[in-house]
Amino acid sequence: MWWGGRGQSFNIAPQKAEPDMGLSGPKSVQRTGMLESRSCQLGSHLASGCLPGEQILAWAPGVRKGLEPELPGTLICTNLRVTFQPCGWQRSQVTMAIVRARAQSSQAQQYAGISLSKAGQSSGPRKPPIPLLETSEDWETERKKQGAGSWRVSPVNERFDVATSLPHYFWVPKRTLDSEVRRAFGHFHQGRGPRLSWHHPGGSDLLRCGGFYTASDPNKEDIRAVESMLQAGHSDVVLVDTVDELPSLTDVQLAHLKLRALCLPDSSAAEEKWLSALEGTRWLDYVRSCLRKASDISVLVTSRVRSVVLQERGDRDFNGLLSSLVQLLSAPEARTLLGFQSLVQREWVAAGHPFLTRLGVTGASEEAPVFLLFLDCVWQLLQQFPAEFEFSEFFLLALHDSARVPDTLTFLRDTPWERGKQSGQFNSYTQIYTAGYSQLPAGNSVNPQLSVWDWDLRYSSEQILQFHNPGYDPEHCPDSWLPRQQPNFMVSGPPSSVWLFSRGALTPLNQLCPWRDSPSLLAVSSRWLPRPAISSESLADQEWGLPSHWGACPLPPGLLLPGYLGPQIRLWRRCYLRGRPEVQKGLSAPTISGLQDELSHLQELLRKWTPRISPEDHSEKRDPNTIVSQSR
């Protein structure tokens, strides 16, 4: 795991017993006793901030180089991490550690044993904090919660004989038979056919699927089944080219490596050129691209009642990223702490994102931190809409670190089949399809009974309290944000219209599937000609005339459209600059300009936390000072 602390310069002066110069007797004994006493006192002080089950293996006082002025403190090595504690700093904020190293095999077993013993304190089997979507009941409960009445839970992949990268169960149109589902999925890459990701309360459906397997030769019945599943009962269907305008997996990996190198304290980039070097990593550009595309898809879902299908060849990377961001932008429930965890479990874990490969645990060449890119996008939304999210930056950091140093099966497997096999869920099942099965490095030990969401087994109550955003406005309750089938902005689309959304514009299509008369999805019909989009105009501008007609056509309730231009996208400093204690702690800047920047940032946060009041509601305007006091 990378915490931005590698390559730091420490001048370590470990405590040593003074030489006794050949003397013996009470004096040398007294000197040795004093040193041991001081050592024990300091060790006890350091140990007071340890995690449950954490043990200090070694520590040494020293000076952290590379700062002006240099920073004295103590370098500490435990069985879970390595951290530098500056003098006078408290150790209650665990998320501020410089480096959190992966434990060795025996230490991992010890940590798992601690978690198991803590879990064993409760009577009976431990109930997961959120549904892990491993049973049909979990999926049915979630379907009812979303109000997806025209969909059902399909058990067609219960034995993983359709696709090992898909979960046991998923949602398909109610009128589609399982036999049709099985045949239709065979015409998609890796058997990942169209299925429901999220049902919008206004009536639209967001689907995801892999790329068409154009080499197959489906019969007419299979083609009708595929078209029926893509259409999902709607007359208006939009196919979204997911990877269009987004970086490749290689681009994401290269940008992340450049960002990591740049954020090291001993980076070769000159201070006056640091921002230019940051721009050169392209990481923030990729964050910007993801947010813009997610905003456009959110408009597609909310502006008309339609079926919006996210299509990516593998259906395991950017489909999950965009689907998750669309739900965060469109559904206030997804912005709650439990709602966000359920979202990640459904769109990433259960959907088969290859965490093990993408995060480089196996050393495979397909490494690309797509999930970390997603968390960065979420952090950007948290900065722009701080009152809209129940969870805090510290929760995102904990999730980020749990992915980088995984100690549960949640992030230590590439597919639901692998995860279930390790936990012994289906030992009696016959393995039908095992392509892409990845093995863990030798000596890795995890607790198969725990998920990443078992925070109380790894964090203290005080730390978990920091997961909650003090600026969250409880008035943004999920049950009141949008009535079901609201007709004032959700309107029926043109009859039997099929569109391809690519490069910020809608292009009409003659057909849904590539096996009809024309072999190309890009066959353009002259019946529907969309207004051409210009590069500076988002889809929201085209659909609603925003922002020029803001007053006449406001955004639908609950929808967030983030800014993604220039300085609106920022560096996640607490995450990437944790190798610099003065940054991670957030101390006051030593210069006047730095203080002005911090003041501007605080004023901006205060403005965003202040509820938006309509002009005729001045009497109920809240005092900003009251808001601040309530958020403490």
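This is a predicted model: local features need pLDDT of at least 70, side-chain atom pairs count only at pLDDT 80 or more; totals for chains, interfaces and linings use all residues.
Residues are numbered from 1 along each chain as its sequence is written, and side-chain values use heavy atoms, with hydrogens and water left out. The protein has 20 helices and 14 strands, where helices (H or I, at least four residues) and strands (E, at least two) are DSSP runs numbered from the N terminus.

**Overall make-up**

- Of the 632 residues in the protein, 52% are buried, a word that stands here for under 20% relative accessible area, with exposed meaning over 50% and partly exposed in between (1.4 Å probe, protein chains only).
- Among the contacts in the protein with a separation of 6 or more, 70% join residues 24 or more positions apart, and a contact means heavy atoms within 4.5 Å.

**Nonpolar cores**

- The largest nonpolar core holds 82 residues, and the members that touch the most other members are L325, F340, F371 and F374; such a core is a set of buried Ala, Val, Leu, Ile, Met, Phe, Trp, Tyr and Cys residues joined through side-chain atoms within 4.5 Å.
- Helix α12, which covers residues 370-384, gives the most to this core, contributing eleven residues.
- Apart from this core lies another one of 36 residues, which includes V156, A163, M229 and V498.
- When residues up to four places away in sequence are not counted, F371 touches V344, W348, H353, F355, L399, A403 and F411.

**Helices α9 and α10**

- The axes of helix α9 (residues 318-330) and helix α10 (residues 337-349) come within 10 Å and cross at roughly 155°, where axes are lines fitted to C-alpha atoms, for helices over the stretch in contact, and angles run from 0 to 180 degrees between N-to-C directions.
- The two helices α9 and α10 are therefore roughly antiparallel to each other, since angles over 145 degrees count as roughly antiparallel, under 35 as roughly parallel, 65 to 115 as roughly perpendicular and the rest as oblique.
- The crossing of α9 and α10 is right-handed, the term for a near helix turned clockwise from the far one by less than a right angle, whereas anticlockwise gives a left-handed crossing.
- On the α9 side the contact involves G320, L321, S323, S324, Q327 and L328, which meet F340, L343, R346, E347 and W348 in α10.
- The residues of this contact of α9 with α10 divide into five nonpolar, four polar and two charged, with Ala, Val, Leu, Ile, Met, Phe, Trp, Tyr, Cys and Pro counted as nonpolar, Asp, Glu, Lys and Arg as charged, and the others, Gly among them, as polar.

**Helices α10 and α12**

- The axes of α10 and α12 come within 13 Å and cross at roughly 150°, and these helices are therefore roughly antiparallel to each other.
- Helix α10 passes α12 in a right-handed crossing.
- In this pair, F340, V344 and W348 of α10 meet V370, F371, F374, L375 and V378 of α12, and the residues of the contact divide into eight nonpolar, no polar and no charged.

**Residues with a positive phi**

- Most residues other than glycine have a negative phi.
- Q190, although not a glycine, has a positive phi of about 55°; it lies in the loop between α4 (178-185) and β7 (195-199) and is partly exposed, with a relative accessible area of 33%.
- R503 also is not a glycine and has a positive phi of about 55°; this residue is found in the loop between β13 (497-502) and β14 (505-508), where R503 is exposed, with a relative accessible area of 62%.

**Buried residues**

- S298 is found in helix α8 (residues 283-303) and is buried, with a relative accessible area of 0%; leaving out residues up to four places away in sequence, S298 touches V326, L329, S330 and L559.
- T164 is found in the loop between β5 (151-154) and β6 (170-173) and is buried at a relative accessible area of 4%, while T164 and Q190, 26 residues apart in sequence, are 8.9 Å apart in space, C-alpha to C-alpha.
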